[in-house]
Amino acid sequence: MLDREKRYLVALSGGADSVCLLRVLQRLGYTVEAAHCNFQLRGEESNRDERFCASLCRQQNIPFHRTQFDTKTYAREHGVSIEMAARELRYHYFHELLETIGFQGVCVAHHLDDNAETILLNLVRGTGLHGLTGMSPRRDFVLRPMLGVSRDEIVDYLRQIGQPYVTDSTNLQPDHVRNKIRLQVVPLLKEINPSVVRELCTMASHLTDAETLLNHTLDQTTTEFSTDLSEKPPFLRQIDVPQLLRQPSPAYALYHLLSSFGFNRSQMGEILASAEKSEHSGRQWHSSDHTLTLDRDSLVLSKKSTENASPIVVSEAGEYVLDDLGRLRVEIFPKTADFIVDKRPQVAVLDADKASLPLTLRKTQTGDRFVPFGMRGSKLVSDYLTDRKKSLPEKKNQWVLTDESGQILWLAGERTDNRFAVSPQTKTILRLTLIHL
């Protein structure tokens, strides 16, 4: 986990766990510096902890970083709990130190008992398989070198080397769920099995192996019911409902696919119930940044809908930023004798005299009609997209380019309008190119 050639930051609270971690890493020859956060939540006791940490680092000749936070104000302004506010502030500070100073990672002092408490806490809250796997030894830039060490071993080690530490008085009060588990539940479980803490962590290790194997298998079978749409922003995935329902556990397979996009386990049952009936086409489910839409026998995953995106006025040559498509490049130039029309769907080549600026790029609307290139009669955009087998969210997110009178010149990325096509008489070319992000 650690490299003696690298430099690490140790999160130092002053309690037994973090003090032990700092002293052990130092004694083993690692290059470490310490960082302390004063959340100003316990009055003089918070200041006492900060002074202790500063004194310890001075005695051990360890570089020391410190900061103070107005945690209550942050929690109030951001609408989060005090615990969440402290977590966000702490890890934001650590990340800043890692970037500005160049640490390899931040070492935190979570240990065997903490891991067991986390497993029990997740169990009480009704966790899935992942919650029962407990803490990971490494997560992004956070390292947990003492995850296999018990609290008793930590205290015993500090006693052997004569190293004092401070105690957070709030950890001794059973006024939070985690404290109740630590002070009341775990002691009761130890009456049944004195080794319960280590056994819980052993179970978590076994479940981690099982989860790894399960996820690997699911990754391989995802192609059976899911199609990658990432080349068609804002769409990401199309899930074939009949194929999904043939999986051994449709709910788990769907959650495996959607969890990384912010969807939670409780949504899976409702999604599958609607999908099985196939009578709620158009129904949507949302996470913070993504939308899942039921479209007949498919579920379409996309980035948060931009159906109501503001129109973009194309007034001159240049590049324009689109919310979900990327960029639109607009070029105007004289037609030459050797000019060849680019027929790629992401490019529209029009007669600039017929398609004079300014133009407007907007999302399609009910009743939109155009004359598809190569045809004479007009057609509803919605019918054209249906013929192209476009899903409901794809139809709603379709961009169209119109002139001042509202005539459609181009279904962006699909087809141009025949009325604005280049002809032998064309003198000036208007070329529009979609550049995906």
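Begin by selecting Glu 414, which is buried, with a relative accessible area of 15%; buried means under 20% relative accessible area, exposed over 50%, and partly exposed in between, using a 1.4 Å probe and protein chains only. This is a predicted model, in which local features need pLDDT of at least 70 and side-chain atom pairs count only at pLDDT 80 or more, while totals for chains, interfaces and linings use all residues. Residues are numbered from 1 along each chain as its sequence is written, and side-chain values use heavy atoms, with hydrogens and water left out.

Glu 414 sits in the loop between β20 (408–411) and β21 (415–416), where strands (E, at least two residues) and helices (H or I, at least four) are DSSP runs numbered from the N terminus. Now show the side chains of Arg 388 and Lys 390: a polar contact of 2.9 Å joins Glu 414 to Arg 388, and a polar contact of 2.9 Å joins Glu 414 to Lys 390. A polar contact is a pair of N or O atoms within 3.5 Å; within protein, one must be able to donate a hydrogen and the other to accept it, and residues adjacent in sequence count only if both atoms are side-chain atoms.

Next, select Ser 169, in the loop between α6 (151–161) and α7 (177–192), and notice that Ser 169 is partly exposed, with a relative accessible area of 33%.
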